[in-house]
There are 2 protein chains.
Amino acid sequence: MGNTGGRRKPPTIHDVAREAGVSRGTVSRVLNGGHYVSPAAAEAVNAAIRRTGYVVNRHARSLITGRSDSVGFLLTEPQERFFEDPNFNVLLRGCTQALAAHDIPLLLMLAGTDDERRRITRYITAGHVDGVLLVSSHSGDPVAEELRAAGVPLVACGKPIGLGSKVSYVAADDRDGARDMVRHLLGLGRRRIGVVTGPLDTPGGVERLAGYREVLAEAGVEEDERLIVSGDYSRASGEAAAERLLAQAPDVDAVFVASDLMAQGVLTALQRADRRVPEDVAVGGFDDSPAAVAVSPALTTIRQPWDRISAEMVRVLLAQIGGEDTAAVILPTELVKRASA
Amino acid sequence: MGNTGGRRKPPTIHDVAREAGVSRGTVSRVLNGGHYVSPAAAEAVNAAIRRTGYVVNRHARSLITGRSDSVGFLLTEPQERFFEDPNFNVLLRGCTQALAAHDIPLLLMLAGTDDERRRITRYITAGHVDGVLLVSSHSGDPVAEELRAAGVPLVACGKPIGLGSKVSYVAADDRDGARDMVRHLLGLGRRRIGVVTGPLDTPGGVERLAGYREVLAEAGVEEDERLIVSGDYSRASGEAAAERLLAQAPDVDAVFVASDLMAQGVLTALQRADRRVPEDVAVGGFDDSPAAVAVSPALTTIRQPWDRISAEMVRVLLAQIGGEDTAAVILPTELVKRASA
DNA sequence: TTCTCTACTGTGAACGCTCACAGATGCCCG
DNA sequence: CGGGCATCTGTGAGCGTTCACAGTAGAGAA
């Protein structure tokens, strides 16, 4: 097969100008906003563009403007965790589409190895993208630090935990979501409420646990360390955590699990231990991922507004690229009641 | 916060040349292969590059070479189906990493709406990417046709079904995988083997069904239309298909399901109908997705070599960009035995 | 010596665009 | 009627690179 047909040389701004009977400058002005052009000229140019099928050469434009009109979507560190997580897909898709609306392509960047990390950092700091959407649960991510230091516009998904310079971020209100869920479990009359936390070096992990603690304290339920176990958001870790929980606190009557994926594992473990859900043990998840309805009983869970998160990330990043000062954005979550609690 | 620090103007090839005491041309030669440069000059240039932190400006390079040194990863049509599919992630990651090794960024392109389709087609045909990795199960995909007609290097994942000009593709050997699975079920002594096919407007759907038929014919088992039901690769469709199957052919003693996701649904339906797996009904999946081990019993399934598929797609695409004629690549699958069959 | 060949190096032009600036036109106001 | 202003248009320069070409130097052959 091969390149049958080949690619013809595309028309340039010059061709359009000649076709429309105006100068390059006028065509350029029409292309960029259209200020200070007469209606007649604009019309002629647009017609010529249509006729010639002209598309701007972004390389030439970028060369002079210094902008690349593209942004990077950077995933650092534990790729498996995210790639297994359906929310990642929703986020990636949302960002891609939000950017597409601005005609800005998204470059996918996966920093797994140190070598990749170096390459990507160089690529970004060299100005090949205008800004970066960062997904990194890691505390004190060195790539993020370096990019921030280089003054690269940066918006993180989720609160970047740890230290260092301040970074704009967009996140769901993890703590408040956790509070809602635990309140719901309390409302069901449960008092021995366990928790399977996420990794405690991630903001989500920390915040969801904090919400759990707050509500119990508020309600006057005394805290019991045996009711607290932790996982790493994976299904398998949820299963293992639930086993530990059952061993440490056999009288548990509800579990708040910090992710649906882990909740799947918890359900498996409970089933094996012959505990009925929700009669014996109510289970609450977090994420409202597809997994939540795939299991039986369907999971009561906390929905994170991923579509809004991605849209906000893009909005904030573009604002930052535009030179504005941007702050953190926290979006509300929603309790989704299903069969498991 | 905002742009504290700001971005300094990066060094150019000119700066490097001055620093190394040579001309632009020599630096450029070192950058591109290093032929016809004296060892001394090359050394001086490399030292200067290291000292200045120079990174080539890809826009300037692209402007003159006409190459963009980037490729698009294009997903057309039913986005939900793919985004729910964990294999998609593996593929995407594999392609990104394989390209990264060549220092080529991957642009993610999602063609959902007609508007997006138009925009993306224009973007690609304008030469903003050198080639396209295409994921599209759709028959006669108009975007693919248009790209092919424009002479854009193109490699599809899976055999593009239907008509039109020939397109290079990389695929797992669906038919052979199906054969392996059905042979395995026969080997277990099952004779009333049902099948839940994928959508029959996709190559995978067609090929896997063909493999099923071939083996049964070979084995002298007479075909029974009641044993054939179809789904769309989604979990829910698998569940519905299994219900139909049980109603039409209650004596079914094995089911070959064309995807693990659907197999999950099949398992649910069988459980509800009080059929034990694998004792009453053996179940074979396809994909070896994470879902395969997440369910109980764990799925016997066919593993597709996704890591090799992505690597091959990139290899073939780069060859095609380099002007070579490329053909289809078919990779072998592997039977993974677990509890369900 | 002179001529040729190879290895290497520097120079200008060009890629397609935007931007700053200068010029032109028309209008309103003094 | 001239000056100021707003609106519109064309022109040249330059963004950072590669590429073709010309040119230099040294080695080896005639």
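Okay, let's start with strand 3 of chain A, residues 131-135. This strand is mostly covered, with 4 of its 5 residues buried. Keep in mind that what we're looking at is a predicted model.

So who sits beside strand 3 of chain A? One partner is strand 1 of chain A, residues 71-76, and the two pair in the parallel sense over 5 bridges. If you want a spot to look at, find Leu75(A), which stands opposite Val135(A) in strand 3. Another partner is strand 4 of chain A, residues 154-157, again parallel, this time over 3 bridges. Here you can look for Leu133(A), which stands opposite Val155(A) in strand 4.

Now zoom out. How many strands form the open sheet? There are 12 of them. Which strands are at the edges? Those are strand 11 (329-331) of chain A and strand 11 (329-331) of chain B, each of which pairs on one side only. On average, and ignoring direction, neighbouring strands of the sheet are turned by 20° against each other.

Over on the chain B part, strand 4 (residues 154-157) and strand 5 (residues 168-172) run parallel, joined by 3 bridges. The bridge partner of Ala156(B) there is Tyr169(B), in strand 5.

Next, the domains. For chain A, the domain assignment gives domain 1 as 13-56, domain 2 as 71-172 + 307-331, and domain 3 as 174-303. The C-alpha centres of domain 1 and domain 2 of chain A lie 36 Å apart.

Let me pick out one helix as well: helix 12 of chain A, residues 260-272. With 13 residues, helix 12 reaches 18 Å from its first C-alpha to its last, close to the 18 Å expected at 1.5 Å a residue. Is helix 12 of chain A largely enclosed or open? Well, 11 of its 13 residues are buried, so it is largely enclosed by the rest of the structure. Among the buried ones are Asp260(A), Met262(A), Gln264(A), Val266(A) and Leu270(A). Just after the helix, have a look at Asp274(A), which takes a positive phi of about 60°.

Helix 4 of chain A gives the most, with 5 residues. By class, the surface near DNA strand C divides into 12 nonpolar, 11 polar and 3 charged residues.

And then DNA strand D. The elements giving two or more residues are helix 2 and helix 4 of chain A, plus helix 1 (13-20), helix 2 and helix 4 of chain B. The largest share near DNA strand D is 5 residues, and it comes from helix 4 of chain B. The classes for this surface are 12 nonpolar, 11 polar and 3 charged residues.

Key. Residues numbered from 1 in each chain as written. Chains lettered and ligands numbered in written order. Predicted model: local features only at pLDDT ≥ 70, side-chain atom pairs only at ≥ 80, totals over all residues. Nonpolar A, V, L, I, M, F, W, Y, C, P; charged D, E, K, R; others polar. Domains from an automatic or database assignment. Expected span 1.5 Å × (residues − 1). Buried ≥ 20, exposed ≤ 12 C-beta atoms within 10 Å, placed from the backbone. Pairing = 2+ DSSP bridges. Axes fitted to C-alpha atoms, helices over the stretch in contact; angles between N-to-C directions.
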